[in-house]
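Visitor: I have a structure open and I'd like to learn how to read it, feature by feature. Could you walk me through it?

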Amino acid sequence: MKIAIIGTGYVGLVTGVCFSDFGHEMVCVDKIPSKIEMLRRGEVPIFEPGLDRLLERNVRAGRLSFTEDLAQALEGADAVFIAVGTPTRRGDGHADLSFVMAAAEEIARAARGPIVIVTKSTVPVGTNRRVREVVAAANPDLDFDVASNPEFLREGAAIDDFMKPDRVVVGVETERAARVMQEIYRPLYLRDFPIVMTDLESAEMIKYAANAFLAAKITFINEIAALCEKVGADVKQVSKGMGLDGRIGKTFLHAGPGYGGSCFPKDTQALARIGQDHASPIQLVETVIKVNEEVKRRMVDKLLDLCDGSFNRKTVAVLGVTFKPNTDDMRDAPSLTIVPAMIGGGAMVRIVDPQGRREGESMLPGVEWMTDPYAAADGADLVVVLTEWNEFRALDLRELAGRMACPRMADLRNVYSPGDVRAAGFVAYEGVGRRG
Ligand SMILES: NC(=O)c1ccc[n+]([C@@H]2O[C@H](COP(=O)([O-])OP(=O)(O)OC[C@H]3O[C@@H](n4cnc5c(N)ncnc54)[C@H](O)[C@@H]3O)[C@@H](O)[C@H]2O)c1
C-alpha cells in the first residue's frame, strides 16, 4: 500500500513510522518546513522513546519519506490519513476543526483518486461526513471514500501501543473503504489484534467515550484521595484494593495532581459540548471537567500549607513538568497551573525535567531551568515531585534533605513512602490521599 499522512505530530509521525515498519510505503507531510527538514536529516522533532531508531530503519529501507508537497505525497496513494491537531476552539470548548477541514480541502485539490481519506485526528461525531461533503464540493470528479480511524496510543509508549493495540477502530460506509483499511491493518489482524469495524459515527463516538471514561476514572480516584486525607485512609492501598477487581482494573487509578495532556482536557470538553448541542448533556463528564480543575487548585493549597501559608521568597524545586513521564508534551500539564500559582505568590521556582524544557520554557516564564535535582534542592524550602520520571523515583533522599534550607516534600505522584522520606531527614511530607 502507498499511504500519505498529513501532520507529523505525536500521532501522525508515529503512525507513519509504524505503518512503514509494517511494510507500507509511507509519505509524511507537514506544513512546517523546519519539521520536514529535521525529519529528512533523521532527527525526530518530538521526544518519543524508540521513535528515532524505527524511523531511521524505515528511511534506510526506502519505505518512509517526508515532504511539504501534498500533491507529490498523494501520487499513486491508496489512502491518505489526516492526523492534524484538533485543539479546543477558543471561547466555546468545541473541537477546532479548522485544521482537519483545511487538510480535506487540500486533499480534494491535490488527489487524483481513487483514494480513501481517513481521519485519525480525534473529531466530533459527524466530522467524517463533513469531510466527505467538503471534498466532494471542492472536487466533484474525485473518486474517493472516507473512513474514521481514531487513535488510542499513549505518548511515551506510543510505538508499543501502535504495534500492539488493544483494538483498532475503523468506521466506514463502503465496502471499498473497508477493504483498503483491512489491507492497511492486515499485519495486526494476522496477529489477532481485534479490528472493530463500525459506521462512521460510532467510530467517532468510541474515541471520545473512551477518553472521557479514562478521565473520569482518574478523577474518581482523585476525589477518593481527597476523602482519604480527611478520614485517614491511604489512597494507594484503596486503589490497589479496588483495581485488583477485574471489573474495575488497576490502570488510570493512581491519585495525582489532576489529568492533563494533549487529549483528556480537550476531549472531555468537546464531548461535553457535543452533548449540550444535542440536548443530551453528559453531566458526568461536565462534572469531571470541573472536579479536575478543583484537584489542581487543591494541589496548590497543599503546597501553600507546606510553605507555612505563603510562597513569598520561598525557593521551590519542582521535579517534572511534562504532563506525564517519557514525553516532552506540555499541553495542559498540571504544572501550568501549579508553577504559575507559586510564582504569583512570590516563590523562586527551579525546574528539573528530562525533556520538558524545549516546550516548557515559553510556557513557564520566570523559572530557573536546571538539570540536576540535587543542585535544584540546594537551599530550597520545598521539593515538589510533580511528574514521575524514572529519574525522580529513586533519589538519594538523605542527600536531597541535606542540601535543603528546610527539607519539605510534596510528592504529588505518591512515588515515595512517607516513612522513608521522614527517616531521611525531611521535616514535612505530603503525598496525595495519604497521611504525611
Ligand atoms: N497526542 C496524543 O497522544 C494523541 C493520541 C490519540 C489521538 N490524538 C489526536 O490526534 C490528533 C493529532 O494530535 P497530535 O498530538 O499528533 O498533534 P500535533 O499538534 O502534535 O501535530 C499536528 C501536526 O499537524 C501539522 N499540520 C496541521 N495542519 C496541516 C496541514 N494542512 N498540512 C500539513 N500538516 C499540517 C502541524 O504542523 C503539526 O505538526 C488530534 O486530533 C489528537 O486529539 C492525539
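**Strands, sheet, helices and ligand**

Guide: Let's start with strand S1, residues 2–6: five of its five residues are buried, so the strand is largely enclosed by the rest of the structure. Keep in mind that this is a predicted model.

Visitor: Which residues point one way from S1, and which the other way?

Guide: Lys 2, Ala 4 and Ile 6 go one way, while Ile 3 and Ile 5 go the other, and all are buried.

Visitor: Which strand is joined to S1, and by how many bridges?

Guide: That's S2 (residues 25–29), running parallel to S1 and joined to it by five bridges. To find your place, take Ile 3, whose bridge partner in S2 is Met 26.

Visitor: Now the open sheet of six strands. What is the strand order?

Guide: Read it as S11-S10-S9-S12-S13-S14, with parallel pairing. S11 (368–370) and S14 (428–430) stand at the edges with a single partner strand each, so one side of each has no neighbour in the sheet. On average, neighbouring strands here are turned by 20 degrees against each other, ignoring direction.

Visitor: How many bridges join S9 to S12?

Guide: Four, and these two strands run parallel. Leu 319 has Val 385 in S12 as its bridge partner.

Visitor: What about the helices that go with this sheet?

Guide: H14 packs on the sheet, where it touches S9 and S10, and its direction makes about 150 degrees with that of S10. H13 lies across S12, S13 (408–411) and S14, running at about 170 degrees to S13.

Visitor: Which residues of H14 are buried?

Guide: In this helix, residues 335–344, the buried ones are Ser 335, Ile 338, Val 339 and Met 342. Look down the axis of H14 and its buried residues fall within an arc of 90 degrees, so they line one face of the helix. Their cover includes helix H13 (283–306) and strands S9 (315–319) and S10 (348–352). After H14 comes Gly 346, with a positive phi near 100 degrees.

Visitor: And the ligand: how many residues surround it, and which are the closest?

Guide: There are 25 around it, the closest being Asp 30, Lys 35, Thr 86, Glu 155 and Lys 266. Check the backbone too: a polar backbone atom of Tyr 10 is 3.0 Å from a ligand oxygen atom, and a backbone N or O atom of Val 11 lies 2.8 Å from an oxygen atom of the ligand. For Lys 31, a polar backbone atom is 3.3 Å from a nitrogen atom of the ligand.

Terms used:
Residues are numbered from 1 along each chain as its sequence is written. This is a predicted model: local features need pLDDT of at least 70, side-chain atom pairs count only at pLDDT 80 or more; totals for chains, interfaces and linings use all residues. Side-chain values use heavy atoms; hydrogens and water are left out. Buried means under 20% relative accessible area, exposed over 50%, partly exposed in between (1.4 Å probe, protein chains only). The arc is that of the directions from the helix axis to the C-beta atoms. Contact means heavy atoms within 4.5 Å. Two strands pair if DSSP finds at least two bridges between them. Axes are lines fitted to C-alpha atoms, for helices over the stretch in contact, and angles run from 0 to 180 degrees between N-to-C directions. A residue is near a molecule or strand if one of its heavy atoms lies within 4 Å of it. A polar contact is a pair of N or O atoms within 3.5 Å; within protein, one must be able to donate a hydrogen and the other to accept it, and residues adjacent in sequence count only if both atoms are side-chain atoms.
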